[in-house]
Amino acid sequence: TIFCKMGKMPSKKGKPPAGNKKAKPLAKMLNTITKHPRQATADRLSKKRIAARVKSGTMDKAQAEAAEKQQESKREKYLHPKGRLAAQQRRKIMMVQKKSVKQIERDRLQRKFVSKYDWFKAELLKKPEDYVAESHGDLVEWAKQYVHRNDAQIRMLADRRQGSPRITGREKVLSAQRLLDRETFNRGMKIPDLMQRKVVQFMRTWSGTAEALKFLSEVDVVNPES
């Protein structure tokens, strides 16, 4: 029988003795050795906090520049084209583009709507200040003049072509608008009720905004020749 001296058994390979304190994790030891605590704190600071640290003297300029560069590199982090963050950015861009397209279309329709009343205002300003339409026939004449408001410009563009069959884009647009207005007039066109004095005064002083037209009194006028 073999006897040994009383004492602690030798520890297994790679593990500390049972009576010793636990060893520190390797990652914490490396951070403690390779990185100064002040520099590690500066890496997480924002620009305002970095400037405050530099002003108070707890951080020098070299450390501040290093912290700012690290913050910029985090902001300019590369996004993988198939990653989740890249998909979020694409959805945001598409949403902004859709909103801008819808806003442009709304503005176009609003300008088209307001241009009709701009014409009535301009024609009313040519009339005497006490002008008021006397009958429904006068309103029909107003609607006819509105439908044919671009006839002079269409004739001028046609004369400029000098018999050429090629029609310019401007002439096409004006001719199509006249045809659309004529069809609307045949079905029934809404125009300001110029038989009322308060409507005439409103149109003379109208500011040109679409919101103010909500309070405008209008009548339906149908082409008697249709």
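Modeller: The pLDDT is the predictor's confidence in each residue, from 0 to 100. It applies here because this is a predicted model.

Biologist: What is the mean pLDDT of the protein chain, and which elements have the lowest and the highest mean?

Modeller: The protein chain has a mean pLDDT of 78, and 75% of its residues reach 70 or more. Helix α1 (residues 26–34) has the lowest mean among the elements, 42, whereas helix α6 (residues 136–147) has the highest, 93.

Biologist: Where does pLDDT stay under 50?

Modeller: One such stretch is residues 19–24, with 2 contacts beyond four places in sequence in the model. Over residues 26–43 the pLDDT is also below 50, and that stretch has 15 contacts beyond near neighbours in sequence.

Biologist: Why are α5 and α9 called roughly perpendicular?

Modeller: Helix α5 (residues 84–125) and helix α9 (residues 197–204) pack at an angle of about 100°, with their axes 9 Å apart. Angles of 65 to 115 degrees count as roughly perpendicular; α5 and α9 therefore belong to that class.

Biologist: Which residues meet in this contact, and how do they divide?

Modeller: From α5 come Tyr 117, Phe 120, Lys 121, Leu 124 and Leu 125, which meet Val 200, Met 203 and Arg 204 of α9. The contact comprises 6 nonpolar residues, no polar ones and 2 charged ones.

Biologist: Why does Glu 123 count as buried?

Modeller: Glu 123 lies in helix α5. Buried means under 20% relative accessible area; Glu 123 has 18% relative accessibility and therefore counts as buried.

Biologist: How many residues apart in sequence are Glu 123 and Tyr 146?

Modeller: They are 23 residues apart in sequence, and their C-alpha atoms are 9.8 Å apart in space.

Note on methods: Residues numbered from 1 in each chain as written. Predicted model: local features only at pLDDT ≥ 70, side-chain atom pairs only at ≥ 80, totals over all residues. Heavy atoms only, no water. Axes fitted to C-alpha atoms, helices over the stretch in contact; angles between N-to-C directions. Helix = DSSP H or I, 4+ residues; strand = E, 2+ residues; numbered from the N terminus. Parallel < 35°, antiparallel > 145°, perpendicular 65-115°, else oblique. Contact = heavy atoms within 4.5 Å. Nonpolar A, V, L, I, M, F, W, Y, C, P; charged D, E, K, R; others polar. Buried < 20%, exposed > 50% of the residue type's maximum accessible area, 1.4 Å probe, protein only.
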